[in-house]
Amino acid sequence: MRIKINNRISNNEADSLIEKYYEGLTTGDEERELKAFLSRRDLPDKYKPEQAILGYFDRKAPKKHVSLLPYIRWASVAAVVVLGLFSIQRFTADNKANYAFIDGHKVSNMHTIKSQALASLVDVSSSTNEVEEGFKSLNENESIEQQLDVFSSTEK
Amino acid sequence: MLLVGFVAVPGLKAQNDLQISKVFDQYGERKGVVMVELTDEMLDGYDFSLFKSITIKNNPTAADFIRKCLQKDQAGAKKVKQVVANGVPTSIYLQLPRKGQLYRLILFNEMLNAERKITLIYIESKNDSEDVLKLILKKK
């Protein structure tokens, strides 16, 4: 016979229900009775484990669970967008290279582009001698400057 | 991701610090003009990381504009060759300061015939400028 005072179960009854609970044999009503028992503040320490398990140990306001998932989702979307924009820019930059404009019309035929490039090289070409003379002169000028530097440093 | 994007893209336009980039921008897509851009050794037999050329026919304004740009760009550069006719430079080869690992050259020529064809070329190469020019002349 179960003795209930003020609809509350006794400690002994609670012990039986706890044993039954761990064996998975409690009914819904029995679990409700057990939870009501464990929610009491005047319980001995021996019931603390059960109170913790059933979530009644701490009666403070439930902690706000901060989920990072929305932020991770938005960060992923942003990363994909940035990567996409970067790829498009890189792709269009690469596409813009290796081209020619002839009379304002864009040409992408590689043979034509290369022909035009080679033609322009012929237009600017002077004789090999002139270029060699030019570099020779540059190198000589550098030597002269280095020699003059020696004198300017000794004058100080 | 953003940092990668901002770092990687500028490397594609090493010549934008030069005044001659304005020549390509302003005249490149006009009638009577041929503009070419080739990258990454696309021009067979030449090791050019970047080749950009523009040819303009019979446009004295463009010629003067190019000469003014070259006057600014030659600061810090070495003049390999210059030909002057009637007090006006008609042919200039400039060896520009290196940009990282790349050697840079500007070649300019104005023909003094009836056509008055102007050619401006900008080259970036991993090879030394002298070797590049000799190669160009060898293949002429």
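Of the 140 residues in chain B, 36% are buried (20 or more other C-beta atoms within 10 Å of the residue's own, with C-beta atoms placed from the backbone). This is a predicted model, in which local features need pLDDT of at least 70 and side-chain atom pairs count only at pLDDT 80 or more, while totals for chains, interfaces and linings use all residues. Residues are numbered from 1 along each chain as its sequence is written, and chains are lettered from A and ligands numbered from 1 in the order in which they are written.

Chain B carries 4 helices and 6 strands (DSSP runs numbered from the N terminus: H or I of at least four residues for helices, E of at least two for strands). Along the sequence they come as α-α-β-β-α-β-β-β-β-α.

Now to the sheet. It is an open one with 8 strands, in the order S2(A)-S1(A)-S1(B)-S2(B)-S6(B)-S5(B)-S4(B)-S3(B), with antiparallel pairing (two strands pair if DSSP finds at least two bridges between them). The edges are strand S2 (105-107) of chain A and strand S3 (78-85) of chain B; each has a single partner strand, so one side of each lacks a neighbour in the sheet. From one strand to the next, the twist averages 10 degrees. S3(B) and strand S4 (residues 88-99) of chain B run antiparallel and are joined by 7 bridges; Val83(B), for instance, has Ser91(B) in S4(B) as its bridge partner.

Helix H2 (residues 20-27) of chain B packs against helix H3 (residues 60-73) of chain B at about 155 degrees, the axes lying 8 Å apart (axes are lines fitted to C-alpha atoms, for helices over the stretch in contact, and angles run from 0 to 180 degrees between N-to-C directions). That makes H2(B) roughly antiparallel to H3(B) (an angle over 145 degrees). Ile20(B), Lys22(B), Val23(B) and Tyr27(B) of H2(B) meet residues of H3(B) including Phe65(B), Ile66(B) and Leu70(B) (contact puts C-beta atoms, placed from the backbone, within 7 Å).

Ile66(B) turns up again in the largest nonpolar core, a set of 43 residues, where Ile66(B) and Leu105(B) are among those touching the most other members (a core joins buried Ala, Val, Leu, Ile, Met, Phe, Trp, Tyr and Cys residues through C-beta atoms within 7 Å). Beyond four places in sequence, Leu105(B) contacts residues including Tyr93(B), Leu94(B), Ile123(B) and Val132(B).

Definitions and conventions:
Buried ≥ 20, exposed ≤ 12 C-beta atoms within 10 Å, placed from the backbone. Parallel < 35°, antiparallel > 145°, perpendicular 65-115°, else oblique. Contact = placed C-beta atoms within 7 Å.
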